Amino acid sequence: IAGNTIYAVSSSSELLALDASNGRKIWGYPASVNTVPVVSKGVVYANGAGGGLIALHASNGKPLWHSPAYFTAGPAVGPSAIYVADIAKVHAFRT
């Protein structure tokens with residue numbers, strides 16, 4: 001939850017932004033069902049439907065960037081980066 005918006009992934013693999021006051025869908029974007037979205041500085045980060053890390057505008061769901069790197073853990077928010085890990089190492093993406 002960030003502000004008045006709930007970010008969650010549906011069982012049909014859609015990252016959703018929902019109005020916390022009434023549950024109405026604000027926007028949706030394809031994502032992996034095996035991800036927990038995180039929000040930092042107005043950007044939502046999650047595991048994309050095709051794999052890799054996606055970054056979306058929190059307000060409208062428009063894509064900002066995508067990293068094709070496969071990861072098994074994360075994303076996690078740090079003070080100046082988003083972190084994901086694969087089997088061998090941790091990757092940091094500056095925010």
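The part to be described is the open sheet with the strand order E1-E2-E3.

A: This is a predicted model, in which local features need pLDDT of at least 70 and side-chain atom pairs count only at pLDDT 80 or more, while totals for chains, interfaces and linings use all residues. Residues are numbered from 1 along each chain as its sequence is written, and side-chain values use heavy atoms, with hydrogens and water left out.

The sheet consists of 3 strands in the order E1-E2-E3, and their pairing is antiparallel. Strands here are DSSP runs of E with at least two residues, helices are runs of H or I with at least four residues, and both are numbered from the N terminus. Two strands pair if DSSP finds at least two bridges between them. Strands of a sheet pair through backbone hydrogen bonds, either parallel or antiparallel. At the edges of this sheet are strand E1, residues 5-9, and strand E3, residues 25-30, each of which pairs on one side only. From one strand to the next, the twist averages 15°; the axes are lines fitted to C-alpha atoms (for helices over the stretch in contact), and angles run from 0 to 180 degrees between N-to-C directions.

Strand E2 covers residues 14-19 and is joined to E1 by 5 bridges, the two running antiparallel.

Lys25 lies in strand E3 and Glu14 in strand E2, so the pair links distant parts of the chain, 11 residues apart. The search of the whole structure finds 1 salt bridge. Relative accessible area is classed as buried under 20%, exposed over 50% and partly exposed in between (1.4 Å probe, protein chains only). Lys25 counts as exposed because its relative accessibility is 52%, and Glu14, at 22%, is partly exposed.

Strand E9, residues 81-85, is joined to E8 by 3 bridges, and the two run antiparallel. Ala73 has Ala85 in E9 as its bridge partner.

As for the whole, the protein chain has 10 strands and 0 helices. Its radius of gyration is 13 Å, close to the 12 Å that the globule rule gives for 95 residues, so the chain is as compact as a globular protein of that length. The radius is taken over C-alpha atoms, and the rule is 2.2 Å times the number of residues to the power 0.38. Along the principal axes, the C-alpha atoms fill a box of roughly 40 × 30 × 20 Å. Of the 95 residues in the protein chain, 40% are buried.

Methods
A salt bridge is a side-chain nitrogen of Lys or Arg within 4 Å of a carboxyl oxygen of Asp or Glu.
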